[in-house]
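Biologist: Please take one part of this model and look at it closely, in a single connected account. I would like to hear about its packing and about its charged pairs.

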Amino acid sequence: MAHARFILAIDQGTTSTRAIVFDHSARIVAAGQQEHRQLLPRPGWVEHDPLEIWANTRRVVAEALAQAGIDRHSLAAVGITNQRETTVVWDRNTGEPVYPAIVWQDTRTQPIVDALGADTGPDRYRDRVGLPLATYFSGPKVTWILDHVPGARQRAEAGDLLLGTMDTWLIWNLTGGVRGGRHLTDVTNASRTMLMDLRTLAWDPAIAADLRIPLSMLPEIRSSAEIYGHGAADSLLDGTPIAGDLGDQHAATFGQACFEAGTTKNTYGTGCFMLMNTGGEIVRSTHGLLTTVCYRIGDAAPVYALEGSIAVTGSLVQWLRDNLGLVRSAAEVEELARTVPDNGGAYFVPAFSGLFAPHWRPDARGAIVGLTRFVNRGHLARAALESTAYQTRDVLAAMEADSGVRLAELKVDGGMTANETLMQFQADQLGVPVVRPVVAETTALGAAYAAGIAVGYWSGEADVVANWAEDRRWTPRPDAGERDRLYRNWAKAVTKSLGWVDDDVR
């Protein structure tokens, strides 16, 4: 370990996989990034190829190490963070997935979810797992694969199939795959499956039985910061400790140094995810939020959080680019939005996968409302950006109601925080300052911190707090009347997106 000067974080996201090398001051030394395909075989279906993602992971690790001019001997540890809920089932003997990974945005499991809640409603398991019944979570995705892939259920019951979220898939492959790969996950990812009891931090056999998932498929649940295994022999990471594992939003909360109860961050990525640290208390939501494990460091007590999950924010900008051709690059959206002073009366409700928190309406679909002949491309671009700020305000109102905590400021991170127009509008809508840190890649950074703490590279949370530094702060402008008028019309627009999906239209 004498030469172990850096930490490597692997950030396996919804649209791309990144590897980032951090130094002890939490500065980015080098990075590699590779997008993967979004497979959309039917409306509402979203899939990824797990083998493509594993190949990309190896590629970006090589890129990052080469760019930094180092090899594995310079690494103290590797941390993993991942898109949560996206689920893969594979054969433990061959390493081959039995079906593409079903992505968190996918809505095909609605009939399974409806059947589970037929007698009880969506809160059937909420007291145990902190989550409503929804297509978002991993458990029903596994049920769908076992029900629809020929022979899969028999292979699962024979003990030949494993399941996992993307962290589990990567750790298994990184530590050897079919040659002794470690099959495990951490408490944060496990808390998103709908299968883990929040109190015991163990799988709930009764829920697994309801979903007809053999317990033999499930990974071992571990803390977010401990040595899980080592890089496989003859690989780029041969012998390097794999020592941190957090779902992406939990990792960002950790990287943002949200260690005090009441501290809150919002990550602007493919979707938007706001987490409020609730300390050791499991706060039950009555306003449409999720109760989740925030993180657990080694043998320490778990820390919990309230979360508001928004399905479509950054991916709406991608949609404007790829599906409509409205812009050539994501950066152009801000330029286009700045050509107009306001939204021109147009509102964009991006309910492509239904509405997540705090509404939980799977029957909603995307809608653009308030159109007149006055509305042009600039107004549509602005309406798309503003929808992110309005949805965040929806979630914050629910969070303050559930927690009884009035937010003093919102820490923000993720790719969309580069959009200054959006960040100012966000501060205006919330009525509190919005604060971006120097290192906006807080998801990867949180995973790096967890791995570094596990091996003693960093001493603990105090180092994270010491390294955190403010880059930019947006203060709300004082026009409360305009803020409330815009938000009132947004609420009206949301009602126009509801009830769109009939039983015969999925």
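Modeller: A nonpolar core is here a set of buried Ala, Val, Leu, Ile, Met, Phe, Trp, Tyr and Cys residues joined through side-chain atoms within 4.5 Å, where buried means under 20% relative accessible area, exposed over 50% and partly exposed in between (1.4 Å probe, protein chains only). The model is predicted, with local features needing pLDDT of at least 70 and side-chain atom pairs counting only at pLDDT 80 or more, while totals for chains, interfaces and linings use all residues. Residues are numbered from 1 along each chain as its sequence is written, and side-chain values use heavy atoms, with hydrogens and water left out.

The largest nonpolar core holds 102 residues, and those with the most contacts inside it are Tyr136, Met194 and Met217. Helix α12, which spans residues 377–403, supplies the largest share of this core, 10 residues; helices (H or I, at least four residues) and strands (E, at least two) are DSSP runs numbered from the N terminus. A second, separate core of 32 residues includes Ala225, Ala251, Ala448 and Tyr457.

On the α12 side, Ser387, Tyr390, Gln391, Arg393 and Asp394 take part, and they meet Arg483, Asp484, Leu486, Tyr487 and Trp490 in α16. Sorted by class, this contact has 4 nonpolar, 2 polar and 4 charged residues.

Trp490 has a further partner in Val349, which, leaving aside its neighbours within four places in sequence, is in contact with Leu355, Arg365, Gly366, Ala367, Trp490, Ala493, Val494 and Ser497. Val349 belongs to strand β19, residues 347–349, and is buried because its relative accessible area is 0%. Between Val349 and Val312 there are 37 residues in sequence and 9.3 Å in space, C-alpha to C-alpha.

Turning to the charged pairs, a search of the whole structure finds 36 salt bridges, each a side-chain nitrogen of Lys or Arg within 4 Å of a carboxyl oxygen of Asp or Glu. Arg406 and Glu400 form one of them, at 2.7 Å from N to O; Arg406 is exposed, with a relative accessible area of 56%, whereas Glu400, at 19%, counts as buried. In another, the side chains of Arg222 and Glu220 meet at 3.7 Å, N to O, and here Arg222 is buried at 15% relative accessible area, while Glu220 is partly exposed at 44%.

The side chains of Glu420 and Arg472 also meet in a salt bridge, at 2.3 Å from N to O. Glu420 lies in helix α13 (residues 420–430) and Arg472 in strand β23 (residues 470–474), so this pair ties together parts that are 52 residues apart in sequence. Glu420 is partly exposed, with a relative accessible area of 28%, and Arg472 is likewise partly exposed, at 30%. Elsewhere, salt bridges that share partners join Arg84, Glu85, Arg192, Asp248 and Glu307 into one network.

Definitions and conventions: Contact = heavy atoms within 4.5 Å. Nonpolar A, V, L, I, M, F, W, Y, C, P; charged D, E, K, R; others polar.
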